Amino acid sequence: MKLMKYLGAAALALAVTGTANAENVKIGVVLPFSGANADLGQQMDKAFDLYVKLHAKDIAPNTVELIKRDEGPPTGAQAKTVATELITNDKVNMLAGFSFSPSSIALAPVVTQAKIPMVISNAGTAWITNLSPYIVRLSFSMWHHGYPMGAFAYDKIGCKTAALAYTDFPPGKDSTEAFKTGFEKAGGKIVDSVPLGSPVQVPDFTPYFQKIKDEKPDCMYVFIPSGAHATGVTKAYGELGMRKAGVKLIGPMDLIPDNKLQDMGDAAIGTIVMGNYAVDLENAENKAFNEEWHKAYGKDSYPDFMSAAAWDSMHAIFDAIKKLNGKVDDGAKVVDAMKGWSTNGPRGHVMIDADTRDIVQDEHAMEVIRKPDGKLGIKVLGTTKAVKDECKVQKIGRCAS
Amino acid sequence: MPHFAIIAVSILFDGLAYAMFLFITSVGLSVTMGLMGFVNLAHGAFAMAGGYIVVSLTRNLGIGFVPSLAVAAVTVGAVSVVFERGLYRRLYKATDLEQVLLTIGLAFMAIATATYLYGPIPKSVPLPEWLQGDINLGFRSFPSYRAFLIVLGVVLVTVLWYAFERTNIGAKIRAAVDNRRMAESVGINVDLLFTLTFAVGSGLAALGGGLAIQLFGLSPSFAVLYLVLFLIVVAVGGLGSLKGTLMAALVIGIIDTGGKYLLAEAGGFFIYAITVVVLLIKPAGFYGRE
C-alpha cells in the first residue's frame, strides 16, 4: 500500500513538471547605480522594469527574473567582477544593460568563455560587437550618429571648420573619429581636437571651451558620456557666450538627454544633434511608451534614448524567449534567435543586423527649440532611414576584424 | 593686446575663479585638521548638503540664488555642530583609521540620503539675470558668474584674514593650532573654539557646494567625487594655515586651468604633478608646521 502511495506521488510529480513546463529565465542586469553616472542606470532600469511589468504575460507560462548589479564607474573593473559573479554564482541565462564601453570591452572575453548572451543597451564604441559572438547591441554605435553628422554639419548647418572635444575614453575617441571621417569627406576642416579628461567626474569645461572659442571654428562637436556631463557642457557653452561668438554646438544626442533637457535652459536652444531618439519623436509606439512611462514614474520623469534602447533590448530578449519557448540554456541559440529580429519601437523601425549583431535604425538630425508650451523640445531637421554602423560597413580600424 | 597676453589674462581669470571655489570649500577642512588633527572625510558631504539646500530653496520656494547661498551656509554650519558634539568629539582621541571610517561612513550615508530625497539626476539652479551672460572688457569677454566667484572669494579671504589675524578669537585659534596643550594650559577653551571653527568651516563648505552647482552640476556623488581635490589643497597648503590654503588653491586652480587650456592632452596630470613636487620639497605643505 505504502509503495503504491509513493509511486502515485512520483507519477503525480512527473505529470506536473510535464504539463507546466515553465522556465524561469534569469537575466543579470548590469547598470551604474552609484557614482556620477547613477542616473544613466536609473533611466535604463526604469525601462527594463516597465517592459517586464507590462509584457510579462507575453512569455507566459515562462517567467523572467532580473538580478541587478552595480556597474560602478566607467572603468570596467567593477562591471567585470559583478558580471562574472552573476554568471558563476547566480547562474544567469543572459546579461543586459551596460552603460559604458569600458565595461563591455572588459566583459567580452568572459561572455565568450561562458557562452552567455550579452545584450548591450547603451555602450556605443563601434568595435565592441566584434569582440564576442555573444554580444548583441540594441543601442547604437558611435558611428550611427557621428558619421552622418559630419556630412550634415558641412552641407546643412554650414560648418566649414569644426573643433572636436571629447571625454577621454574609448567612445569619445570613436565618436569624434566618426564625425571627422564624415566631415572631412564632405570637405570640412578640423581645426583642433581637445580631450576633456576622464569620464569619472565632471570637469570644469570652461578652460577647454575657452580655448576652442579662441580658435573661432564654425562648429564645436562635443562627445560626453551624457549624464551629468551634458548639463556641464551646456552651462559652460552658454556662460562663455560661444553661440554669440559664432561657434555652433553640435554632437551626438548624448548632449541633450531628454531627462535633463528642461533643466538646461536657454543655453541649449539651437544645439543640433544627430540621434535615434527624443521624447518628441512622432510615432505611435513612442507616444504609447511615453504615456506608460508617465503613468508609472510621474509626469516630471522623462524617458531618454537610453530608456528607449533598454525598452527595445527587453523586447528583443522577450521575443527570443518566446521563440525558444523558454529554452535559453544554449547561449548561441539565443543569439541566433535575435539575429534579424526587428520591431517598431519608440525609436521607430529597428532591426538587428544578422551579420554584425548590431542595430540598424533611423537617424534624425534634431535641433533644440523652445516649444509653444514653453518647454524645451526638439525639431527634426532631417531623417535617414535604416542606418547601419558605418565603421563596420567601411571596415575602418578596429571595426575591420 | 598681443595674443599670448590675452591667453594669459584668460587663464588667470578662469584659474582665479576656480581657485576661489577651491579655497572657500577647503579652508574649513584645513583649519579643523590643523586644530584637532581630525580627518573629516565627510567635509564633501557638508558641501553637498549646502548644494541641495540651495537647489530646494531656489527651485521649490523661489528664493533668490544669493540669499539661498547664505541660508545654506548658516543652516549647514548650525547642523554641523550637532554632528561635532554628538559624533565627532567622541573620536578626537581615537586613531586616524577610526576617524576616517566614521567620516567616510557618514559621507556614504549622505550620498544614500541625497539619492533617496533628490534622485541621482544631476540638479542645476536658476541664476539671476545679472549672473548669466558675460562682461565685456573690450579685448575679451568674461562670464559674469566667474567674476562673481572671484569677488566673493576676495571678500571672504579678507574677512577670514581679518578674523584670523586681527581678532581675539583668531589669535586663540592660531595659538591652538601651534600648540594645543600650551593653549589649553593658559585657559583657552580649545573644545569650544573647535566647535566654532568646525561650524564656520562646514558653513563655508556648504557655500562652496552651492557655488559648485553652476560649475559641475550637483549629484549625490558630489560628496566624495571632489573630496580628493579638497584634500590636495589642504595637503599642499599645510594643515591649519589660512595663508597656505589660499596659496595652494591659487597655485592649483591657475596651473590646472592653464594646463587644460594649453595642453589638454595631459588632462588632470598637472594637479598631481604639483602635489608631488610641493610635498617632496615641503612635506608639510606651503605653510604647515614641519
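Me: What stands opposite A:Met351 in β13(A)?
Reply: In this predicted model, A:Met351 stands opposite A:Val360 in β13(A).

Me: What makes β12(A) and β13(A) a strand pair?
Reply: DSSP must find at least two bridges between two strands for them to pair. Three bridges join β12(A) to β13(A), residues 359–370. The pair therefore meets the criterion. The two strands run antiparallel. Their hairpin has six residues between the strands, and A:Arg357 takes a positive phi near 60° there.

Me: How do you know that β11(A) pairs with β12(A)?
Reply: The cut-off is again at least two bridges. Four bridges join β11(A), residues 342–345, to β12(A), residues 348–352. So these strands pair as well. They run antiparallel.

Me: Which residues meet where α1(B) and α11(B) pack?
Reply: From α1(B) come residues including B:Leu12, B:Leu16 and B:Phe23. Those in α11(B) include B:Leu246, B:Leu250 and B:Ile254. By class, this contact has 15 nonpolar, seven polar and two charged residues.

Me: What makes up the contact between chains A and B?
Reply: Chain B gives 27 residues and chain A gives 28. On the chain B side, the elements giving two or more residues are α1, β2, α8 and α11. That side divides into twelve nonpolar, eleven polar and four charged residues.

Definitions and conventions: Residues are numbered from 1 along each chain as its sequence is written. Chains are lettered from A and ligands numbered from 1 in the order in which they are written. This is a predicted model: local features need pLDDT of at least 70, side-chain atom pairs count only at pLDDT 80 or more; totals for chains, interfaces and linings use all residues. Two residues are in contact if their C-beta atoms, placed from the backbone, lie within 7 Å. Ala, Val, Leu, Ile, Met, Phe, Trp, Tyr, Cys and Pro count as nonpolar, Asp, Glu, Lys and Arg as charged, and the others, Gly among them, as polar.
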